[in-house]
Amino acid sequence: MPKNSKVTQREHSSEHVTESVADLLALEEPVDYKQSVLNVAGEAGGKQKAVEEELDAEDRPAWNSKLQYILAQIGFSVGLGNIWRFPYLCQKNGGGAYLVPYLVLLIIIGIPLFFLELAVGQRIRRGSIGVWHYVCPRLGGIGFSSCIVCLFVGLYYNVIIGWSIFYFFKSFQYPLPWSECPVVRNGSVAVVEAECEKSSATTYFWYREALDISDSISESGGLNWKMTLCLLVAWSIVGMAVVKGIQSSGKVMYFSSLFPYVVLACFLVRGLLLRGAVDGILHMFTPKLDKMLDPQVWREAATQVFFALGLGFGGVIAFSSYNKQDNNCHFDAALVSFINFFTSVLATLVVFAVLGFKANIMNEKCVVENAEKILGYLNTNVLSRDLIPPHVNFSHLTTKDYMEMYNVIMTVKEDQFSALGLDPCLLEDELDKSVQGTGLAFIAFTEAMTHFPASPFWSVMFFLMLINLGLGSMIGTMAGITTPIIDTFKVPKEMFTVGCCVFAFFVGLLFVQRSGNYFVTMFDDYSATLPLTLIVILENIAVAWIYGTKKFMQELTEMLGFRPYRFYFYMWKFVSPLCMAILTTASVIQLGVTPPGYSAWIKEEAAERYLYFPNWAMALLITLIVVATLPIPVVFVLRHFHLLSDGSNTLSVSYKKGRMMKDISNLEENDETRFILSKVPSEAPSPMPTHRSYLGPGSTSPLETGGNPNGRYGSGYLLASTPESEL
């Protein structure tokens with residue numbers, strides 16, 4: 001070997017030496033394969049495996065334990081949507097009947113695609129950008145779109161954590177500040193705040209004290225300084241949790257992932273002891289079978305599956321990329337999916353038990369108010385006392401007695417009944433009142449807690465649970481942004497993470513204006529849903545139809561040590577893409593039929609009114625959707641016309657202390673990397689120097705001294721099975 005060879009330098013120096021694959025293959029003497037990651041197939045598989053594992057440990061951080069990893073995936077997938085969105089959808093879409101479409105879609109879409117994301121992340125050991133570049137370079141834009149969607153979601157999601165922080169600190173009071181309407185003085189007269197009197201104490205506190213909301217999205221109203229401060233605290237917490245990557249976030253997960261289950265268990269026990277809890281639970285599990293055939297219910301169930309498991313965000317891929325390659329990700333997919341579904345059902349039980357209690361309280365209040373109306377009509381002779389059954393006692397009026405009296409009056413005074421203004425006070429009506437999203441947590445649930453003994457304690461526990469649920473999801477969301485960017489562009493981890501948090505805080509000021517809640521609705525309901533669905537479809541297509549389902553199944557078999565069920569083959573290949581295509585079509589049609597809008601709080605009316613987004617807001621919404629999906633066609637076009645390299649001609653090898661490590665350099669001729677990095681045997685044939693025999697993947701090398709069943713490529717030059725070497 002020439003004395004000035006870089007490989008010779010490697011023998012006498014501990015410094016990195018980099019040379020192209022072309023130069024490497026042109027050397028006159030063979031490399032010391034036994035001390036190299038590039039090995040001859042005859043080397044014992046055990047020694048090579050040890051070298052691979054050592055290289056993995058040096059190149060990429062790893063979870064401290066399997067428990068830490070599982071808790072991280074649970075913390076990311078189990079979020080605020082499990083606490084309020086899933087119960088709301090159950091309430092809205094037929095109670096127990098909603099569980100049928102949700103379970104069906106979880107099995108045929110959710111679990112297979114969750115397993116797919118876990119597998120590709122663990123197999124390729126890169127973030128979303130690197131993973132989809134490896135699977136299909138022309139669809140490498142999927143990873144960039146995932147990062148953008150994560151950014152959109154993180155911007156408003158942390159605002160919700162800020163709201164929870166505000167309520168958390170307000171809970172250290174007795175009585176709770178939202179338990180009664182404020183009293184204002186008008187001269188010498190004290191009167192109840194009109195807006196609160198028309199609505200309720202909890203509704204007033206949410207819209208006026210917390211959000212100080214404007215009447216429409218067009219009325220900015222300036223920044224809400226209280227929520228701005230809470231948003232700063234929220235981003236500070238998230239920044240500290242993720243600044244060191246999984247070394248810091250992994251430790252946080254032990255508390256943030258487990259604490260919510262302690263609180264849910266306490267609330268379930270307390271809720272079941274409440275009067276009326278059984279009414280709420282029975283209402284939840286009583287199925288309305290006609291809802292099962294409603295396409296809208298199936299569309300909402302599919303969307304909930306995507307958001308519940310975190311599909312398409314990149315966080316699942318990022319977390320699994322820190323696993324060892326022999327980790328059983330199939331078991332992880334089943335376990336996390338089950339825990340996620342179990343958590344949703346548990347939260348729904350808690351919510352309906354508490355709402356059943358609240359419904360009974362509100363029903364009794366309705367009976368008292370309407371009984372006073374009837375007494376007033378009796379005293380003014382509007383109604384005859386003969387209409388009142390003799391056993392009715394107004395001092396201890398039951399719901400049953402009131403209903404009997406109500407039916408008699410309605411029958412006798414049929415023509416004048418509507419003028420009396422009496423309400424039926426049915427428990428079912430109270431239970432059927434759907435409170436969506438944040439309203440369920442910050443209005444309905446907080447109102448129910450005001451009737452609990454020791455209500456501040458329960459309020460502190462509840463909002464601390466929301467903070468931890470949100471924190472777990474935000475850690476995964478940030479990983480979906482930082483991991484692929486750091487992997488791809490090699491930016492400093494701490495500096496980039498802090499920069500992301502600072503940038504997101506300033507952009508997030510949009511959501512802490514007085515009109516900020518309406519922008520949260522825009523981002524939550526519309527801006528992420530369509531791009532996310534498209535991302536998941538393309539992920540499925542990239543693996544199942546471009547990379548190849550059979551090839552992927554074979555690599556999973558090698559990685560896991562067993563062959564996954566054929567069920568996944570058919571789901572990935574046919575069923576899941578078809579279902580998601582139908583879902584996307586239905587979502588587009590829905591947007592066309594029903595223009596996007598939001599529920600605005602009108603101060604003068606002290607009530608909500610549904611408004612459509614104005615033209616400028618529609619333009620912003622369309623821009624957000626385009627920005628989130630634009631990287632996919634841009635990268636496809638650039639790589640299709642060779643305007644952007646796919647990286648196949650830019651690899652070199654660098655050496656240090658007898659070990660070869662991949663680096664990036666310029667290699668523009670002959671594309672010799674296909675000999676070593678070929679993923680498909682047909683890509684291998686190319687002329688080789690006669691003194692060094694290489695017959696392609698699966699061939700036999702003259703240098704081979706024995707079989708190596710553990711090698712990925714059989715014989716010849718054997719590349720370590722860490723997929724990052726193939727990028």
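Close-up 1. D279 is partly exposed, its relative accessible area being 32% (buried denotes under 20% relative accessible area, exposed over 50%, and partly exposed the range in between, with a 1.4 Å probe and protein chains only). This residue belongs to helix α14, residues 277–285 (helices, H or I, of at least four residues and strands, E, of at least two are DSSP runs numbered from the N terminus). On the surface, D279 gathers with E428, D429 and D432 in a patch of negative charge. Patches consist of residues with over 30% relative accessible area and no salt bridge, like charges being joined within 9 Å and nonpolar side chains (Val, Leu, Ile, Met, Phe, Trp, Tyr) within 5 Å. The model is predicted: local features need pLDDT of at least 70 and side-chain atom pairs count only at pLDDT 80 or more, whereas totals for chains, interfaces and linings use all residues. Residues are numbered from 1 along each chain as its sequence is written, and side-chain values use heavy atoms, with hydrogens and water left out.

**Close-up 2. A nonpolar surface patch including W225.** The patch is formed by W225, L229, L232, V233, I237 and M240, which together have about 610 Å² of accessible area (Shrake-Rupley method, 1.4 Å probe, with only the protein chains shown counting as cover for residues). W225 lies in helix α11, residues 225–242, and is exposed at 64% relative accessibility.

**Close-up 3. The salt bridge between D332 and K66.** The side chains of D332 and K66 meet at 3.1 Å, N to O (a salt bridge is a side-chain nitrogen of Lys or Arg within 4 Å of a carboxyl oxygen of Asp or Glu). D332 lies in helix α17 (residues 329–379) and K66 in helix α4 (residues 66–77), so the pair ties together parts 266 residues apart in sequence. D332 is buried at 1% relative accessible area, whereas K66 is partly exposed at 34%.

**Close-up 4. The salt bridge between R123 and E555.** The closest N and O atoms of R123 and E555 are 3.2 Å apart. This pair links distant parts of the chain, R123 in helix α6 (residues 99–124) and E555 in helix α25 (residues 529–560), 432 residues apart. R123 is buried, with 6% relative accessible area, and E555 is buried, with 8%.

Close-up 5. Strands β5 (residues 597–602) and β6 (residues 607–612) run antiparallel and are joined by six bridges (strands pair if DSSP finds at least two bridges between them). Y598 has L611 in β6 as its bridge partner. Four residues separate the strands of the hairpin, and A606 in the turn has a positive phi of about 50 degrees.

Notes. Lys, Arg positive; Asp, Glu negative; His and termini not counted. Charge placed at Lys NZ, Arg CZ, Asp CG, Glu CD.
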